[in-house]
Amino acid sequence: MSQNDDVRFTSSSIKLPLFSPPLDHHTPKNPFFTNLHLINQNPILQTLSKFSLPKFHQNFNPQNAILQFLKKPRNINLFNWNLRKIPLLCSASMALTQNNPDDLPGSTQLSGPGPKMGSGNEERVLISEVLVRNKDGEELELKDLESEALNALKACRPNSALTVREVQEDVHRIIDSGYFCSCMPVAVDTRDGIRLVFQVEPNQEFHGLVCEGANVLPARFVEDSFRDGCGKIVNIKRIDEIISSINGWYMERGLFGAVSSVEMLSGGMIRLGVSEAEVNNIAIRFLDKTGEPTVGKTRPETILRQLTTKKGQVYSMLQGKRDVDTVLAMGIMEDVSIIPQPAGDTGKVDLIMNVVERKSGGGISAGGGISSGITNGPLAGLIGSCAIYHKNLFGRNQKLNLSLERGQIDSLFRINYTDPWIEGDDKRTSRSIMIQNSRTPGTLVHNQPDGSLTIGRVTAGIEYSRPFKPKWNGTAGIIFQRAGARDDKGNPIIRDYYSSPLTASGNTHDDMLLAKLETVYTGSGDPGSSVFVFNMEQGLPVWSEWLGFNRVNARARKGVVFGPIRLLGSFSGGHVVGNFPPHEAFAIGGTNSVRGYEEGAVGSGRSYVVGCGEISFPLMGPLEGAVFADYGTDLGSGPSVPGDPAGPRRKPGSGYGCGVGIRVDSPLGPLRLEYAFNDQRTGRFHFGVGLRN
């Protein structure tokens, strides 16, 4: 956790000058804490060796470990006595024996001559009067303090018979009121009987504070805690509350810090010592599944650079938990935990991160999916896939993936290399290099009544990504693409069934060099949380036949929860300027667009806007129900697409749909089964995986 910006640290102690005596003890004349300074010291913390932290990826309460830290006895020297316990910060003394002749005349032992009453072994003395005086036997200047002392008494009342134990208990009650540093009961023999006088010494008035060792504790927090006490008698109970409040501030943030000492100085100054355990060193220890040390394949620096906890910071358990989650998210560790240990007598803490690597960094996987571009056939849209991958090349967490997907029409072969953090970069920049050969259905834009049509693409490119704000990520890249259309026999074609062109150049394929910029905002990551994506691609006509165009696309999603009900709104839109391939037009309609329509059946435009509103609610177990409504339009841009593919196919250009659905969570994301009616009074089932794009 970073140091607070509200405090300027110095290398030596700085104390407040004494305040001018206030006109009123309850309303200070001078402003409080106008010159508050904190100084940086390093008190020794030895508690960490007595306990170890649980593994962070398991359920735990960080406050429990912090509480163990706070249970360490602290040096409280508020009135020049070394005490080990709070809130008893001052001393009480009793004098029940004969005083010197110079003291109050007529003073006598409480157990001496006078009226006595006994019960068992305890003798009682009849008290005629009870008074509170200062240590010189004079009346207190502050009547409020006298009232506080008298109100604290329980047994000692006029005309009552008291034992020594009862008097002693009332002495402790006066001390426990928090306003007095000493109390001495004196019995005085008078004409009317024995007078019991409690000679008290009030605490000093509070006029300033010196706070030592607080690096991350905000000065404003300390200032506000002591503000009300300026110019008033120090109350030990209130000091104890402030100490608990400061310790609670550290606990709430999972920080290893606590008040370690309190001392009352001359002139009404209080010195407050704070202990904060700074991180001295961080080490990586590789373990096998049995917990024994082993040799790791991953370079330690690859793990260390993932941590936000750094040397010199006050150790935060909550920050440590986030670091553990980050290391686990690398995908190459099976188990991760952090163990803090005291760094000798330095008052700092050493962190040992125990990691258990996965058995193998590579392997072979297989799976399946659904294509949104195929709507007919017994196995419509089903895709099978397999991949060979390695997640930890050279021990640097670099990833290599070779994948193959094959469906009824779809096919994809892809080689992808990713370095999630380029070595030597301090901005967490990642790099991805990709080569792929794909074939996808062309029915979204160019639906052929006489057979299928596919779009083949050969693509190669490099992209760089980095986070530039919390929850914000940016990507820039350069991509080369060659794309063209083929019939159901695999032969290149340049016109569709309606004689509309299938390429922008008039050749069997289009070549384009695309510069890509993208920014992404991601909220909490929970289903329905806020998401915003803005993407722009610029075609660079390096050669005369290469296409030059600009395409922008944006989508946003926002969820709001009302008890068990969740409202979800989503929006997407885009526009293309320039000479672009007609098969790259925005297709409107389908499972992730306007439900109730077939894929791309609403329109194929140069521009588009799609909006969706949805209400979901729990049904039973993992099942959820949903009610939704969608609307989409090409904004009248269909005829401006080269060849106007939407016109001959009589796409309306705009439409809406509404319906109901059920959802169930799965490892792949929410599985969606939905039924929707469109504005043309036809209905359709939709099946999807994951949230809407």
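Reader: Which residue in strand 8 is the bridge partner of Asn 134?
Author: Val 200 is the partner of Asn 134 there. Keep in mind that this is a predicted model, where local features need pLDDT of at least 70, side-chain atom pairs count only at pLDDT 80 or more, and totals for chains, interfaces and linings use all residues. Residues are numbered from 1 along each chain as its sequence is written, and side-chain values use heavy atoms, with hydrogens and water left out.

Reader: OK. Do strand 5 and strand 8 pair in the parallel or antiparallel sense, and over how many bridges?
Author: Strand 5 and strand 8 (residues 193–202) pair in the parallel sense, over seven bridges. Pairing here takes at least two DSSP bridges between the strands; strands are DSSP runs of E, at least two residues, and helices are runs of H or I, at least four, numbered from the N terminus.

Reader: And how many bridges join strand 5 to strand 6?
Author: Three, and strand 5 (residues 122–134) runs antiparallel to strand 6 (residues 160–162). In that pairing Ile 127 stands opposite Ser 160.

Reader: Switching topic: how many salt bridges are there?
Author: The count is 31, taking a side-chain nitrogen of Lys or Arg within 4 Å of a carboxyl oxygen of Asp or Glu.

Reader: What does Glu 537 pair with?
Author: Glu 537 forms a salt bridge with Arg 551, with the closest N and O atoms 2.5 Å apart. Glu 537 sits in strand 24 and Arg 551 in strand 25, so the pair ties together parts 14 residues apart in sequence.

Reader: Are those two buried or exposed?
Author: Both Glu 537 and Arg 551 are buried. Buried is under 20% relative accessible area, exposed is over 50%, and partly exposed is in between (1.4 Å probe, protein chains only).

Reader: What about Arg 595?
Author: Arg 595 forms a salt bridge with Glu 674, closest N and O atoms 2.9 Å apart. This pair links distant parts of the chain, 79 residues apart, with Arg 595 in the loop between strand 27 and strand 28 and Glu 674 in strand 32. Arg 595 is buried at 0% relative accessibility, and Glu 674 is buried at 1%. Salt bridges with shared partners join Arg 595, Glu 614, Asp 630, Arg 663, Arg 672 and Glu 674 into one network.
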